[in-house]
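Let's take a walk through this structure together, one piece at a time. Keep it open beside you as you read.

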Amino acid sequence: MKFRSHTLDNGLEIVAECNETAHSVGLGFFVRTGARDETDSVAGVSHFLEHMVFKGTPRRSADDVNREFDELGAHYNAFTSEENTVYYASVLPEYQEGILDILADIMRPSLREEDFDMEKKVILEEIQMYADQPPFGMDDKIKELHYGRHPLARSVLGTEFTVGEMAVDQMRGYFETRYAADNMFVAAAGKVDFDALIKQVESRCGSWKPALTLRELPPYESQNGFHCVPRPTSTQQYILQLADAPAAEDDRRFAAKLLATMFGDDSGSRLYWELVDPGLVESASLGHYEYQGAGMYFSWLSCSPEEAAENFDRMSNLQDIAQAQGFTDQELHQAKSKVKARVVLSSERPRNRLFNVGGNWLQRREYRSVADDLKAVDAVTLDEVWNVLNEFPLTRRTTVTIGPLESWPE
Amino acid sequence: MTATREKKLPNTIFTHRLTNGMTLVGEPNDSVQSAAITLLVPCGYSADPAERLGLASVMCDMVLRGAGSRDSRALINDLEVLGVERGESVGASQTSFSAASLAENLSDMLTIYADIVRRPHLPADQLDAGKLVCLQEINSIDDEPSQRLMIELRRRTYPEPWGRSSHGSEAGITAVTSTEVEEHLSRYYRPNSAILGVAGNFDWQQLLGQIEALFGDWQVNDVPMILEEQLDLGDAHVEFDSNQCHIGIAYPSVPYRDPDYMRAWAAVGVLSGGMSSRLFTEVRERRGLCYTVSASLQTQLDRARVLCYAGTSEDRAQETLDVTYAELLRLREGVLPAELSRLKARIKSGLIMQQESTSSRSGSIAREWYHLGRVRTLDELGQLVDELTGPMINEYLEAHPPRDFTFATLGPSPLELPREVS
């Protein structure tokens, strides 16, 4: 494994973890843009744009794009989050240049109006689809309640209204600044020919312009509260919770991840033994998610509406106990074994390493090897977990519940 | 497939049959740090008594509640300390236990899994908990319209008991007793027809010795044949209060062990594999009718179906159904050379990338053995893909055109179903 990096004159960076023994190459364009960079009038544009990127360029029609990806046998996709838009593909090493050629080309899409109108229908269907599925839009709602007007509260999908009203020129304007050479980078992992990659990127992306794009990072003041949203047609009751946690640039994030594993992993955790193993709930979990300047603990519980209040009390009680007593050596040992094995198992696929290399570069502009991550996990002490509990209490949270309950039982 | 040979894929697959009928299939690969197992126990939902639907699912939960020298908590905790990533699922004919960890933990992991399938405690005082876990899963599906639709489609397209929901029914699970769990387990958790697939960094001879020691004295048990029957299917539409309408279409295909399987699979790949495939192009890209549309070939041992799904808002549902159905009919006209060559490229890179996950390899080799009674290397599979030609697929499609369709819809109102043209 060898880390290599290079920066073009226009500011476009290339980072790669080269592994001679890998069977494939993972390659991606990581764009530092997402829902948090939008304004009210273009809510959902990052995600909509992600779809439009596949709709053709001056050199390729939409059909060409899909066809050529498939001709290379590529396994490819894209996703948009609150702060990134990522386009990626895995191919056999001999197709490195071919796949880069397509990916680089579609990063400069035509954004034709007729394609825009057609794809808008697909996005509206996607919005409808999520509205029918648990948690029925409450993942957006809870961010709004917790972060108020802070950009992190913005919905990735947008709404039927904002997407419906959006005009193609608004998207073009957004694209100009956000997809500038210095606001994105190329990442690669696996059997990468890095010297060739520099030349391949230079010849296709060297003329892109930088824009000195900035992301606004206003401080936030999170709110706490409890909200019950009735949805008579659901069968189960869903409870979501959001609490502040260490952010992406905070070294305490490793302790937070282990804390979340001990408290709320989907197997062997405190929530598991208290709620899942006895069959009281369909699922109960706690995860740690990191963003620039903010981190979150996200809890999830689903069970029958009749049992919801009692299960909620059980979960709250576990949070109180954790806050008062912390965790044990045995729990920490178990969580570390589990997390380290996951790191190693997932590292065997270049595609997973691509997300790891790209994610670290997005968040911190740093490279971390598998060994670095294993070391960081190993180094966490119970004292550090204790400090994280004190700094970021699980009990200071926003709660939203949705389901058949008309109102929350007192 | 020369490309794979150049990449020095591990192309040795070992197999060994224990005298009690259990088969061990192993693919060692010393270029990885992990090892993974897939243990297929011949106890599927098809063997659930009709009034106990969900029994296999309850058992799958119960066997993890303590086994051998470990109680429920010790079992889960020890697996976690070994860093085991695990998963269990109940299929038509088997319960599948999969587990992966660092290679040095393989031996300990196998010891625990031998206990799980051979010496589970099945604690009576935890039966209610186990049943509740299974009931929770059923309830959660009520809120997942696309899953509900696919369960309904499978129920309609397969003869009973092959199209049952793997989760069982509320009534069936509620009725399960401790004695039934014990009896069903002693009958169906058995070595004859059990298959263990192992992939990753391990030594075959050493593994062989351990497996003989762990499973060699597992007692054979014979079970009654499963009888098929055709149930009354009822209405094709399930009324559901949702924004979107969910559409399912199924038609018969050939199972994995059929010599024509590769052709059938390729034909479905042209329909729905990659973004240049027909369904994605015609339904989503050209018409913007939906976000999700797909088709896949689902195979059991003796029967297979192609299952198609599309989800879209109510006012466009009829058009979505019509366009999707038209594509299925158009497949009868055959596939184009360019479509086939794209498909081959995708399959071949998929085969090579499969090698990058020991979990997926252990599952693949165990299932190959189940279907074929032998296991092909990735090299051999690559060659079969190379040999596929357009005329071969078109010949197959001529002999087996998509027909005998089954429909299911779920949403606010029913759709007009096509009347079959043959």
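What follows goes from the overall picture to a few local details.

First, some housekeeping: this is a predicted model, so local features need pLDDT of at least 70 and side-chain atom pairs count only at pLDDT 80 or more, while totals for chains, interfaces and linings use all residues. Residues are numbered from 1 along each chain as its sequence is written, and chains are lettered from A and ligands numbered from 1 in the order in which they are written.

One stretch to treat with care is residues 1-7 of chain B, where the pLDDT is below 50 and the model shows 15 contacts beyond near neighbours in sequence. Here, a contact means that two residues have their C-beta atoms, placed from the backbone, within 7 Å.

Now look at chain A as a whole. It has 15 helices and 11 strands; these are DSSP runs numbered from the N terminus, with helices (H or I) of at least four residues and strands (E) of at least two. The C-alpha trace of chain A spans about 65 × 50 × 35 Å along its principal axes. A compact globule of 410 residues would have a radius of gyration near 22 Å, and chain A agrees, with 22 Å. That radius is taken over C-alpha atoms, and the globule rule is 2.2 Å times the number of residues to the power 0.38. Of the 410 residues in chain A, 52% are buried. A residue is buried if 20 or more other C-beta atoms (placed from the backbone) lie within 10 Å of its own, exposed if 12 or fewer do, and partly exposed in between. Among contacts in chain A between residues at least 6 apart in sequence, 82% link residues at least 24 apart.

Next, the place where the chains meet. Chain B puts 54 residues into the contact, and chain A puts in 53. On the chain B side, the elements that each supply at least two residues include helix 3 (72-81), strand 5 (95-102) and helix 13 (337-354). Helix 5 of chain B gives the largest share of that side, 10 residues. By type, the chain B side divides into 16 nonpolar, 23 polar and 15 charged residues. Nonpolar here means Ala, Val, Leu, Ile, Met, Phe, Trp, Tyr, Cys and Pro; charged means Asp, Glu, Lys and Arg; the others, Gly among them, are polar.

What about the interior? A nonpolar core is a set of buried Ala, Val, Leu, Ile, Met, Phe, Trp, Tyr and Cys residues joined through C-beta atoms within 7 Å. The largest one has 118 residues, and the members that touch the most others are A:Ile99, A:Leu103, A:Ala187, A:Ala188 and B:Ala267. Helix 10 (residues 261-271) of chain B provides the largest share of this core, nine residues. A second, separate core of 67 residues includes B:Ala99, B:Ile112, B:Val181 and B:Ile365.

Finally, some loops. Is B:Pro191 buried or exposed? It counts as buried, because it has 24 C-beta neighbours inside 10 Å. B:Pro191 sits in the loop between helix 8 (178-188) and strand 6 (195-200) of chain B. Its C-alpha is 8.7 Å from that of B:Leu18, 173 residues apart along the chain. Elsewhere, the peptide bond from A:Pro134 to A:Pro135 is cis, with omega near 5 degrees, and A:Pro135 lies in the loop between helix 4 (113-131) and helix 5 (138-147) of chain A.

Conventions: pLDDT = per-residue confidence, 0-100.
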